[in-house]
Amino acid sequence: MRVRKNIATSDEGFLFNPTTGDSFSTNAIGAEIILLMKKDIPTSEVIDTVCEKYDVDRALFERDLEEFTLQLKGHSILE
Amino acid sequence: MEKIRYERPFIIKMNAGLMNKFGTQSVNEPVTHIESVSVKGMLSEYGSPLFVISEKQIRRNYQNAVRIFKTRYPKVQFAWSYKTNYMNAVCRIFHQEGSWAEVVSGFEYSKALGNGVQGNKIIFNGPDKNDSDLILAAQNNSLIHIDHYDELYSLIRLSEEHGLKPRIAIRVNMDTGIYPKWDRFGFNFENGQAWNALTRIANSDNLELVGVHCHIGTFMLSPTAYAVAARNLCELAWGVKERFGKMLQYIDLGGGFPSTNTLKGAYLPGTDTVPSIDQFADAITDVILGYGFKHDELPTLILESGRTLIDDAGYLLGTVLATKRLSDGRRATILDFGLNSLFTSLWYDHKISPAQKLGNQTEEMVMFGPLCMNIDVVRESITMPLLQKGDQVVVHKVGAYNMTQWMQFITYRPPIVLIDNDNNTHIIRKGEDLKYMEELEQIPEHLV
């Protein structure tokens, strides 16, 4: 789960892929997850961090994260 | 430290191109209360899904329509279209307001009698009236609207056999310039069939010709079509007066006025495109008043409106069962109600609101019902906040036809709750259960 090095990200959730010219927008939690992913920390740590901050059931977040990851891969944001 | 409200992570690719000149439709405002009654509270008390009807809104709609017509024409009578919603509680609200009953089957006729409507205030329409229906209606002095010659001759025979003189009108079909042309009901105006039927009735000693009726279509968007219809019915009434020296008591323009729901495939929402009742009233009353009848001869104008009087008084509350992503990347939301309860999702792109405050982020999604059938689609495409399992939604403008055309299929039909004028809630139809569903079934001996 590593964000491609060339992907430009902003804290507000704006992403730009200079290779393809595509830009993306995420919600606040999506932006936070991507910033965590950029730190190359293990997935379990991403889950811990988010679950500590947000009012969410761990199982639900794990499922949502898996789907979000699939979307990011689909958009060639993750390696 | 208090935790932040969670919202599913979401990403969308931004597309360069022209902006939508109409902007994006915002449907994010949560609807937490209906007539001051909590949506969450009703769902927790009565279960999900749940139909909710507002008595106040019904009365507002009815009084508004009556005012619109009565300020333009001296003699107006509404007759509640039972097939639109024949829950007894709903019918009784209309009858309390002064509406007659308009029924199209023996079953509906019996319901109207059961709701305390006097026989002479029941209009009996439709192509399916058997001999016992006709006899009962004639004995009760109801207004029988003849649909075809077979019915006319049956009624003549029955009247002779039973010494009755029923009060009747004919239903007339015509070309009002709209498509599709409804010519399957009644007698045709253009080819002279309607006039022939009127002549036959006027010459019968056993029938009392009292009116003419038409119902030109449903969800009509053209007031002009009603002007054409009114003119044609006036021509028939005038012809009866000239030829037989008898002034008809009423002209019945039927129903068909639209609600503000958005029809599937419509470019703009119904709230922007549907003509107001005032426009229909202008079109109809201008023609009748200007036709040439003397003031004391003016026929009563009967209207059989259904949908426009009840649609926005009905809501369907439901719950998100699950969300998933489809193979093409679209978000899919599965609700606990589908086509079985919300029959009108075949016709309309219903407005659906979240029932609780959600984040500002929205996404386009398809909304499915719970049936294990591919056709069970509530909205093919709708922009909503990020819904998750357990979130509750409110479907708007479902008062017409859903509680009569709903299907018992795969699951039970939900209960219906009425919010009265004082914001008290009453169950007006219980939810179904296994006992109810199996009540009529019988098992042959060899399978016991």
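**Conventions.** I number residues from 1 along each chain as its sequence is written, with chains lettered from A and ligands numbered from 1 in the order in which they are written. Because this is a predicted model, local features need pLDDT of at least 70 and side-chain atom pairs count only at pLDDT 80 or more, whereas totals for chains, interfaces and linings use all residues.

**Entry 1: strand β12 of chain B.** I took helices (H or I, at least four residues) and strands (E, at least two) as DSSP runs, numbered from the N terminus. I counted a residue as buried if 20 or more other C-beta atoms lie within 10 Å of its own, as exposed if 12 or fewer do, and as partly exposed in between, with C-beta atoms placed from the backbone. Five of the seven residues of β12(B), residues 208-214, are buried, so the strand is largely enclosed by the rest of the structure. I then looked up its partners, where pairing requires at least two DSSP bridges between two strands. Strand β10(B), residues 167-173, pairs with β12(B) in the parallel sense over six bridges. β12(B) also runs parallel to β13(B), residues 250-252, to which three bridges join it. His213(B) stands opposite Arg171(B) and opposite Asp252(B) in β13(B). From β12(B) the chain crosses through helix α8(B), residues 223-244, to β13(B), and this β-α-β crossover is right-handed (with the strands pointing away from the viewer, the path from the first strand over the helix to the second runs clockwise).

Entry 2: An α-helix has 3.6 residues a turn, so residues three or four places apart point the same way.

**Entry 3: helix α5 of chain B.** In α5(B), residues 131-139, I found Asp133(B), Leu134(B), Ala137(B) and Ala138(B) buried. Their arc around the axis is only 125 degrees, which puts them on the same side of α5(B). Exposed Ser132(B) and Gln139(B) are on the face turned away from that buried side. The cover includes α4 (106-114), β8 (122-124), β9 (143-146) and α6 of chain B. Asn141(B) follows the helix, with a positive phi near 65 degrees.

**Entry 4: domains of chain B.** The domain assignment, which is automatic or from a database, gives domain 1 (33-53 + 312-433) and domain 2 (86-305). Their C-alpha centres lie 35 Å apart. I found 14 residues of domain 1 in contact with 10 residues of domain 2, contact being C-beta atoms, placed from the backbone, within 7 Å. On the domain 1 side, α12 (402-405), β21 (416-419) and β22 (425-429) of chain B each supply at least two residues.

**Entry 5: chain B against chain A.** The contact takes 16 residues from chain B and 21 residues from chain A. Which element gives the most to the chain B side? It is β2(B), with four residues. Strand β3 of chain A, residues 22-26, pairs with β2(B) in the antiparallel sense over four bridges, and Thr26(A) has Ile11(B) as its bridge partner.

Notes
Contact = placed C-beta atoms within 7 Å. Arc of directions from axis to C-beta.
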